[in-house]
Amino acid sequence: MTYSKDKIAKRKFDVVIVGAGGSGMRASLQLARAGLNVAVLSKVFPTRSHTVAAQGGIGASLGNMNEDNWHYHFYDTVKGSDWLGDQDAIEFMCREAPKVVYDLEHMGMPFDRNPDGTIYQRPFGGHTANYGEKAVERACAAADRTGHAMLHTLYQQNVAAKTTFFVEWMALDLIRDADGDVVGVTALEMETGELYMLEAKTTMLATGGAGRIFAASTNAFINTGDGLGMAARAGLALEDMEFWQFHPTGVAGAGVLLTEGCRGEGAILRNSNGERFMERYAPAYKDLAPRDYVSRCMDQEIKEGRGCGPNKDYINLDMTHLGAETIMKRLPSVFEIGHNFANVDITKEPIPVIPTIHYQMGGIPTNINGQVVTQDANNHSVVVNGLYAVGECSCVSVHGANRLGTNSLLDLLVFGRAAGNHIVDFHSKVKTHKPLPENAADLSLERLNRLETATEGEYAQDVANDIRDAMQQHASVFRTQAMMDEGVVEIAKLRERVSQIGLKDKSKVFNTARIEALEVENLIEAAQATIVSAAARKESRGAHTVNDYGDTPEHPNGRNDQDWHKHTLWHKEGNALTYKPVQMKPLTVESIKLQTRTF
């Protein structure tokens, strides 16, 4: 197939949203209800978006089980972020949290209930009352299928609001005009391979994370960082990409997620001696310390020879003491996962787990309205007109160096809704589309035709697997400076190979091969942003733990606030880094000052 400019079909909408997960559908619902003409593109059917895999809950200080308020949630999120989160955005999210949960409840989301009819809440890692004094139940849960319930609820509401879905479509590139404004996207209908230009007054990226840049991941195969690739190719920076969260409890050998809700309900991590080892590392929080910390403790137990199994290479998660009734009521999906992926009956025996890549804290820089921002020559934030980003592909930044559990679903809801409201307001004032530039589809045409003509090129999946292996080897739970520096060189070589990918024998090409090749072009942007940003950060902070930068009196936990309390910005052009300050000033309350992070 050869692509030419004169054969590109065009469609016009008020808003185009790329991605039909929790954030994209929360935003589209706000827009469709306001009467805007909204198109939502998704590589998969909307209810198969990766939000469906979220299990444990939505963080909100409803106070249904114990006394709680948003100030405590705010403190926990700042501490969880290892003080790299922007405190204005964190305050906004924590204050809005109860409102967005009640919104979902009113839409019909089937939350678990307490005997008095209020929403059931469970404990979660790092959730405390009275500024770290004691654990609190804050995670609003629908058994261990919270993301599933949320996604179906939002989809049903969008269908009722007459949102237009383009299912099995892949967005390729942002269209920017001479002013730098975004005026739409190019997109591929996956079934036919036909190229379209979708024109819009505003465009939103809600494409989720890029967890598939790692070999061992809890992420779905669709999570290839498409929004990140689109932003990078359009000349926009990616923020804080060195920070990747490893979830402590991925099923060993399979990578499938076991929710933190297991430990919230009382599950215990045990080493080969049967010891509840987290009591040694985090006497106050035990198994419910934040994820980066628990992952490192597990890794240390394994490295020191106390791992379980014949190869001593995993930790046991023990739920047997909870009883079959509690497990089947609160953790039914985990019971099924145990059977299907570990051949274990969790009501009778522990399940083997290992830290597994789970979530990207970084992404496309935005403000609290979801507007994408870039830095001007004076390092001041400037809005990119017509472009929004929400959910895991964005960086507001509320997660900083480590995301607090349950804040991912909360992030989707709060900023999806906020961006929707902001776009509605914008559209009430702007009645016309800006014209598409003459070169609108040139980048996409060049990319597609290069793939079509490179008959002897490399297979996309060979290159993708080598990217994943390199990232797993050079940017895992524990990092060393030498390891990361080697990774920078390795990923640069792989970028050369990405440009050599072809579709081989055209008589046997399926559209899936074309899609996979295009996805690899997004993977390499996320991978290079990650490894270059990581190698440059000469400290340990949150999920970025570097053996060379350990605990010293000047730098407790290896954190160097004097030199590195700042956000990283990676630029595709020149493979260059710049930095910007962390926003320490909240909207209305006192700042939470820098402290040593202890549990």
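Helices (H or I, at least four residues) and strands (E, at least two) are DSSP runs, numbered from the N terminus, and two strands pair if DSSP finds at least two bridges between them. The legends below describe a predicted model, in which local features need pLDDT of at least 70, side-chain atom pairs count only at pLDDT 80 or more, and totals for chains, interfaces and linings use all residues. Residues are numbered from 1 along each chain as its sequence is written, and side-chain values use heavy atoms, with hydrogens and water left out.

**Figure 1. The hairpin of strands S16 and S17.** Strand S16 (residues 371-375) runs antiparallel to S17, and four bridges join the two. Gln375 stands opposite Ser381 of S17. Five residues lie between the strands of this hairpin, and Asn379 in the turn has a positive phi of about 65°. Strand S17 (residues 381-389) also pairs with strand S9 (residues 194-205), here in the parallel sense and over three bridges. Thr203 has Leu387 in S17 as its bridge partner.

**Figure 2. The open sheet S3-S5-S4.** Three strands make up this sheet, and their pairing is antiparallel. Strand S3 (58-59) and strand S4 (121-129) each have a single partner strand and stand at the edges, so one side of each is left without a neighbour in the sheet. Strand S5 (residues 134-140) is joined to S4 by five bridges. Within S5, Ala139 is the residue opposite Arg122.

**Figure 3. The salt bridge between Arg138 and Asp68.** A salt bridge is a side-chain nitrogen of Lys or Arg within 4 Å of a carboxyl oxygen of Asp or Glu. For Arg138 and Asp68 the N to O distance is 2.8 Å. The pair links distant parts of the chain, 70 residues apart: Arg138 belongs to strand S5, and Asp68 to the loop between S3 and helix H2 (70-80). Arg138 counts as buried because its relative accessibility is 0%, and Asp68 is buried with a relative accessible area of 11%.

**Figure 4. The salt bridge between Glu301 and Arg280.** The side chains of these two residues meet at 2.9 Å, N to O. Glu301 lies in helix H8 (residues 291-303) and Arg280 in helix H7 (residues 278-281), so the pair ties together parts that are 21 residues apart in sequence. Glu301 is buried at 0% relative accessibility, whereas Arg280 is partly exposed at 41%.

**Figure 5. The salt bridge between Glu458 and Arg497.** The closest N and O atoms of this pair are 2.8 Å apart. Glu458 sits in the loop between helix H12 (442-453) and helix H13 (460-474), and Arg497 in helix H14 (residues 481-498), 39 residues apart. Glu458 is partly exposed, with a relative accessible area of 26%; Arg497 is also partly exposed, at 24%.

**Figure 6. A network of salt bridges.** Asp82, Glu242, Asp292, Arg296, Arg537, Glu539, Arg541, Arg559, Asp561 and Arg597 are linked in this network. The whole structure holds 49 salt bridges.

**Figure 7. A negative surface patch.** Asp485, Glu486, Glu490 and Asp548 form the patch. Patch residues have over 30% relative accessible area and no salt bridge, with like charges joined within 9 Å. Asp548 lies in the loop between strand S20 (545-546) and helix H16 (561-564), and is partly exposed with a relative accessible area of 44%.

Definitions and conventions
Patch = residues over 30% accessible without salt bridge, like charges linked within 9 Å, V, L, I, M, F, W, Y side chains within 5 Å. Areas by Shrake-Rupley, 256 points an atom, 1.4 Å probe, with all protein chains shown as cover. Lys, Arg positive; Asp, Glu negative; His and termini not counted. Charge placed at Lys NZ, Arg CZ, Asp CG, Glu CD. Buried < 20%, exposed > 50% of the residue type's maximum accessible area, 1.4 Å probe, protein only.
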